[in-house]
Amino acid sequence: MIPIFDANEIRLISPEIVLTASAFLLLWLATLKDAAVRRFVPGLALLACAATLGALLAFPAHLGLAALRAPSLTIGFNGMFILDAWSIFAKVIFLLGAMLTILISRRYLEEERAQGAEYYALILFAVVGMMFLASAGDFVAIFVALETMALSFYILVGFLKTNRKSNEAALKYFLLGSFSTGLLLYGISLVYGTTGTTNLGLIGMTRAQQAMNVAGAPFFFLGVILVTVGLAFKIAAVPFHMWAPDAYEGAPTPITAFLSTGSKAAAFVVLARIFAISFLKLGDHWAPLLSILAVASMTLGNVAAILQDNVKRMLAYSSISHAGYLLMGVIAVGVGTTVEEREFGLQGVLLYLLIYTFVNIGAFALVIMLRRDQVVGDRVVDFAGLSRRAPLPAFAMLVFMLSLAGIPSTAGFVGKWFLFGAVVKAHAPWLAVVAVVNSAISLYYYIRIVVMMYIRDPEDERRVVPSRGQTVAIAACVVFTIAVGLYPQPVIALAKESILSLTPWSP
Amino acid sequence: MEWYQSHILTIVTFLPLLGALGLLFVNKDNTRVFIQGATAIAFVDFLLSLPLFFWYDAGRGGFQFTERLSWIPAIGVDYYVGIDGISLLLMLLTTFLGVIAILSSWAAIKDRVKEYYIIMLALQTGMLGVFIALDFFLFYVFWEVMLVPMYFLIGIWGGPRKLYAAIKFFLYTLLGSVLMLLGILALYFYYPRVTGGAATFDITEFIRVLGPLRNPEWLEMQKWVFLAFFVGFAIKVPMFPFHTWLPDAHVEAPTAGSVILAGVLLKMGTYGFVRFSLPMLPEATKYYLPWMLALAVIGIVYGALVAMVQKDWKKLVAYSSVSHLGFCMLGIFALNEAGIRGGVLQMINHGLSTGALFLLVGLIYERRHTRMIAEFGGLSKQMPVYATLFMIITMSSIGLPTLNGFIGEFTILVGAFTIPSGYGFTIPGVNWFIGGKFWAVAAVLGIVLGAAYMLWLYQRTMFGKLDNPENAKLQDLNGREILTLVPIVAVCFWIGLYPKPLFDILQRPVAELVQRLEAGDSGMAGDATPSAAPAGMASGGPAPQ
């Protein structure tokens, strides 16, 4: 008998199996009428993420990061699934992001009267999608994983069934999301049609070169462009960002936090893999394309963020501009001429995704903390006098805002340092100039929140007390932000190790 | 003692921050604890920094009291600190003014006392860090982190337009510093390509390797890096036309904030030019020299003219800063020993005299809650002690011999007169050449204007009839207030009468700097042709001396 899968291959996806099984378990719990059982659901979801994290980290613990670069150990399912250090680092980001999201969800759902075990199950399903996405070695796998993630998010965005804004957001997100998926799929089919394969590595090694040299080259380029556009939707890069502000504002706030970090990180991880592996040799062609997206995202995101009075919308636009910064890391891969130059960009992307996840979820946690019976807590003025109503959380928000603005001694600076450095190193300093000017502009709207918290008098003198979950999440985020800001050595070293699988050959 | 000697910079720099962390845990209602605690910490810090003055070996040169620890080896960042004569003086100025600024806040700050003193102490650490850092990354961290406490200082305890002034200050300086960051990154990535070794942020290495380097690629790059640094430093100085944040920030800041801002923060810009631009980018420095000199001179004259027409006492002092910092820039960009020494000394002088002027304005403002010059007159009868101290500081500011200002300005002018006649512009069309001695002559005009606006201010406020009944109730200075001013006056006299110790300290580092600048005279600047000059104006090129 020929086994369908051999045991080694199953072992590669063991973390994903653990997570999927847990998600189904939660779904089953959701059908129970017993309210006592349901109370454990958030805890169980956390446990599931922790177990998955454990299963995941067993690989580098047993084999060492270096061994994970050997193809026999890491590639399974006919090249569909790649377990390399890059994907492990990314999966850690997703799982940590999911855990933080779960921590800040419980009180919020109580306030919204939208408790449901399926909410947590959907988060886990979304993470499963992200994890497969990070490991995808084939366009087909990318598509399936991306849809797993996106479908979960469509439902989560509209999870507040009685809230009109949430419904509107879900519909918008769904329609534009499906549209972008269509474009991505069309791009994939063109790439497949011109190269004859959907395997990322194979395209990169030989097929891209061949496809460029034949009459069908324009179709290949069109395919590359459409794949770029499809992913640009997911990372909310201008001009494909239209869904983001509405979806971010309408979605339940914890989901906004996860959407802007986890979903974006997943899209970036796969974007970087596609461009660093498959389309590397076309770097000269797609780097200008991404540069336009990056400049537009940074500039428009920042300018629009200045005009917002709603914190969720402001953070949505800020997240668009951060996508612009992140794109610079990928651009460095395209314009870089040496392996070191390209590595620097990829390191920047990984680090920034990790840092941004903690910082942004931390910021959203503060918005959630302000959610009270009648107060939605997402207006800028809701932060007025917070330093007196809740001194420690206000300090945390100060740290998050400074970190998003990239002020040194916070983690955000370390991330920006790598991304700006990547383009300087890769001889595209003009892009860095645009980026730093933008990063200075962005301070203006981040500091508005700080002004509210520390200088304005509160409208409502009552103290604000975060829930236990929120306290843990905010504390974790703020400790991470300051610790990495002051001593980034460990994470930088890890990121350095983790990107090597993406730079296997020179162009 | 030996242990202390080898860690003195770290201890002096981080003691205020430690103190601030300690104060965090005190209940905010114990205002006396904060006032006395912060004063004590700042004073102890000042005492701890004093041995530097005696231990510094002026004859040895180079960086002393160095300490080096690995910080982020993955990208070559070290915790690397050390000082030479230039940073030594600025460091002592910082610890000295730190005590005085805190002492001056006792009565002025009644609101949110806890936060105020914590922020003042944190700011102190940030400023000291800038002067001791020998690692570019470390330098940048201090340089930018310091903006946050300063922002709060203006934003929370400032005047009516405090929010506008605070954000303007923050945005301006941040914009400058992020552009500077790009310059730092360019050096960081270029260095290993030259040496073939590991990447580093070591400032001394950049100076050693990149300073004397003369290959065409680097010479071209220097120009861009210089511009990136220039924006960062020029905004901080502030040089004309980047000065517009300064009057707002000064006028709105609380007194102590103004003292720190004028006394220390502005010096970081000039310090940046001396520490980084000149030794690392000598050829670009010479390339842009006419522009630098022109901006410096414009700053001197423009700042003085604008100061003259101010109705607001504090704004007048603020604009006088623009003028005085122009002097420092002129001296530094004279690129000779006298000029740079004078420029650095004038940085100290300006910190002392303008710091004191802001204190004096603050004292009046606390009593009258107005700063309009027209409201005052004849105060010398009501407040004789105040008038005396104000007179001395005024004389120091306008450069009267026996006081510090004279020594600085005189040395700068000596330097400026020896600027090679070639450094200048020919105005197209009329074919007038502006350069050489012109810069010094224009600067002298600035001195005359400076005397005019300061003496006119003194006349309008102190002399004449005491005709405003509000002023008749004014109290003269109390013991604590006198205590904030007398040390400054004493140092002003000391520098004015016996500046030798300071010149001795500056002698070696400045001589080394000038040597580096002259070493490459055969390079770009020597070959400069008129066509290589910035567009719009033709450069005469340095003429043979």
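A:A236 counts as buried, because 28 C-beta neighbours lie inside 10 Å. The model is predicted. The place of A:A236 is in the loop between helix 11 and helix 12 of chain A. Phi of this alanine is near 60°, a positive value in a residue other than glycine. Most residues other than glycine have a negative phi, and most peptide bonds are trans. The loop between helix 11 (217–235) and helix 12 (243–250) of chain A also holds A:P239. The peptide bond that leads from A:V238 to A:P239 is cis. Its omega is near 5°.

Chain B has a cis bond of its own. The bond joins B:F240 and B:P241, with omega about 0°. B:P241 is found in a loop of chain B, between helix 9 (216–236) and helix 10 (245–252).

The C-alpha atoms of A:V238 and A:I292 are separated by 9.0 Å. Along the chain, these two residues are 54 residues apart. A:I292 lies in helix 14 of chain A, which covers residues 283–306. A:I292 counts as partly exposed, because it has 13 C-beta neighbours inside 10 Å.

The overall build of chain A comes next. Its secondary structure comes to 22 helices and two strands. The radius of gyration of chain A is 22 Å, close to the 23 Å that the globule rule gives for 507 residues, so the chain is as compact as a globular protein of that length. Taken along the principal axes, the C-alpha atoms of chain A fill a box of roughly 70 × 60 × 40 Å. Of the 507 residues in chain A, 61% are buried. Contacts in chain A with a separation of 6 or more were also considered. Residues 24 or more positions apart account for 80% of them.

Helix 16 of chain A runs through residues 339–369. This helix has 31 residues. From first C-alpha to last, helix 16 reaches 45 Å, close to the 45 Å expected at 1.5 Å a residue. Of its 31 residues, 28 are buried, so helix 16 of chain A is largely enclosed by the rest of the structure.

The two chains touch. In chain A, 26 residues are in contact with 25 residues of chain B. Three helices of chain A each supply at least two residues of the side that touches chain B: helix 19 (411–425), helix 20 (429–454) and helix 22 (489–498). Helix 20 gives the most to this side of chain A, with 12 residues. By type, the residues of the side of chain A that touches chain B divide into 20 nonpolar, four polar and two charged.

A:H427 sits in the loop between helix 19 and helix 20 of chain A. Phi of A:H427 is positive, at about 60°, although the residue is not a glycine. A:H427 counts as partly exposed, because it has 13 C-beta neighbours inside 10 Å.

Chain B contains a hairpin, formed by strand 3 and strand 4. Strand 3 spans residues 424–427 and strand 4 spans residues 432–435. The two strands run antiparallel and are joined by four bridges. B:F425 stands opposite B:I434 in strand 4 of chain B. Four residues lie between the strands of the hairpin. There, B:G429 takes a positive phi near 95°.

Terms used: Residues numbered from 1 in each chain as written. Chains lettered and ligands numbered in written order. Predicted model: local features only at pLDDT ≥ 70, side-chain atom pairs only at ≥ 80, totals over all residues. Rg over C-alpha atoms; globule rule 2.2 N^0.38 Å. Buried ≥ 20, exposed ≤ 12 C-beta atoms within 10 Å, placed from the backbone. Contact = placed C-beta atoms within 7 Å. Nonpolar A, V, L, I, M, F, W, Y, C, P; charged D, E, K, R; others polar. Pairing = 2+ DSSP bridges. Expected span 1.5 Å × (residues − 1).
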